[in-house]
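Subject: Handover of a structure and its computed features

Dear colleague,

Please find below the structure that I am handing over to you. I would be grateful if you would read the notes after it with the model open.

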Amino acid sequence: MMELWHNSSRRYEKTRKLEPGMGHRAGYISLMSLLKYCYQLGIKYATVYAFSIDNFKRRPEEVRILMELLQEKIESLLKAESIVHQYGIRVHFIGNLNLLDDSVRAAAEKAMLATASNNQAVLCVCIAYTSTDEIAHASTEASRNIYTEIQSRVTDAADDDDDLVKSGPQTQEHPAINSEDITKNMYMAVAPEPDIVLRSSGETRLSNFLLWQTSNSILYSPGALWPEVGLKHLVWAVLNFQRNYSYLQKIRKQT
């Protein structure tokens, strides 16, 4: 699985003195090219960090431009000539979608429904996402499931009061939440853990992105800004992963 982190589009925009939003459009073109290369190389799962919850703190005008661009590009995925149809890609939008504008959320839900039967490859788009929000969500869901299980046991026990009286007092262990409960309730439970994290502009921080899933991933951070990232960077990331493959497999077996 390949994780693509397209930060630095704003920096590209400023260094090129482009109109507002043009850096993000250039970044989208680069992203589509990289996704095509991924699927052509046989990488079945790709994850893209499109919009963080923290991005809502930016200037309202910039947020509006980004929301409009997101909706435009999500809707373009459903066109006949899109990469989704070329490679039979199922699309998942990952994150707290309730934070999105109604029109953007509706476009995302439509795209997920329209591609639900595709099974050749998978594209996960993290939008209105942070890892801490994902972990909090998964913990809440896991707690709710445990609570439901306990309530079910209490109900069953009440139905069997006569048997309990006959057999005497019994000790019953209550279920506890473990890491597997958290993992299966993650937004990203639809995809395996990433093998490679590619973040542009030389940044080596994970910055609240897939913190739960990337403990055994290879991080590759080329100095190029996102719109400048191309095939050579992708190939180098794959080669670096192959070079460390045996070590990564050993570590994963231990965990």
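The model is predicted, so local features need pLDDT of at least 70 and side-chain atom pairs count only at pLDDT 80 or more, while totals for chains, interfaces and linings use all residues. Residues are numbered from 1 along each chain as its sequence is written, and side-chain values use heavy atoms, with hydrogens and water left out.

Overall picture

The protein contains 10 helices and 6 strands; these are DSSP runs, numbered from the N terminus, with helices being H or I of at least four residues and strands E of at least two. Of its 255 residues, 45% count as buried, where buried means under 20% relative accessible area, exposed over 50%, and partly exposed in between, with a 1.4 Å probe and protein chains only. A contact is defined as heavy atoms within 4.5 Å. Among contacts between residues at least 6 apart in sequence, 77% join residues at least 24 apart. The protein exposes about 14,000 Å², of which carbon and sulfur atoms supply 51%; accessible areas come from the Shrake-Rupley method with a 1.4 Å probe, and for residues only the protein chains shown count as cover.

Strand β4 (residues 121–129) is joined to β2 by 7 bridges, and the two run parallel. Two strands are said to pair if DSSP finds at least two bridges between them. Within this pairing, Ala46 has Leu123 in β4 as its bridge partner, and Tyr45 stands opposite Val122 in β4. Strand β3 (residues 89–94) also pairs with β4 in the parallel sense, over 6 bridges; here Ile89 has Ala121 in β4 as its bridge partner.

Both β2 and β4 are mostly covered: 6 of the 8 residues of β2 are buried, and 9 of the 9 residues of β4 are buried.

Aromatic rings

A pair of aromatic rings is described by the distance of the centres and the angle of the planes. Rings of Phe, Tyr and Trp (its six-membered ring) pair if their centres lie within 6.5 Å; planes under 30 degrees apart count as stacked, over 60 as edge-to-face and the rest as tilted. The structure holds 6 aromatic pairs.

In one of them, the rings of Tyr39 and Tyr87 have their centres 6.0 Å apart and their planes at 35°, so the pair is tilted. This pair links distant parts of the chain, with Tyr39 in helix α2 (residues 22–40) and Tyr87 in helix α4 (residues 83–87), 48 residues apart. Tyr39 counts as buried at 10% relative accessibility, whereas Tyr87 counts as partly exposed at 21%.

Tyr49 and Phe209 form a stacked pair, at 3.9 Å centre to centre with 10° between the planes. This pair also links distant parts of the chain: Tyr49 is in strand β2 (residues 45–52) and Phe209 in the loop between β5 (196–199) and β6 (218–220), 160 residues apart. Tyr49 is buried with a relative accessible area of 7%, and Phe209 counts as buried at 0% relative accessibility. Together with Tyr129, these two residues form one aromatic cluster.

Positive phi values

Most residues other than glycine have a negative phi. Which values belong to Ala128 and Ser207? Ala128 has a phi near 55°, a positive value, and Ser207 has a phi near 45°, also positive. Ala128 is placed in strand β4 and counts as buried at 0% relative accessibility. Ser207 lies in the loop between β5 and β6 and counts as partly exposed at 27% relative accessibility.

Surface patch

Leu231, Val235, Trp236 and Leu239 make a nonpolar surface patch of about 360 Å². Patches are made of residues with over 30% relative accessible area and no salt bridge, where like charges are joined within 9 Å and nonpolar side chains (Val, Leu, Ile, Met, Phe, Trp, Tyr) within 5 Å. A salt bridge is a side-chain nitrogen of Lys or Arg within 4 Å of a carboxyl oxygen of Asp or Glu. Val235 is placed in helix α9 (residues 231–243) and counts as partly exposed at 35% relative accessibility.

With kind regards
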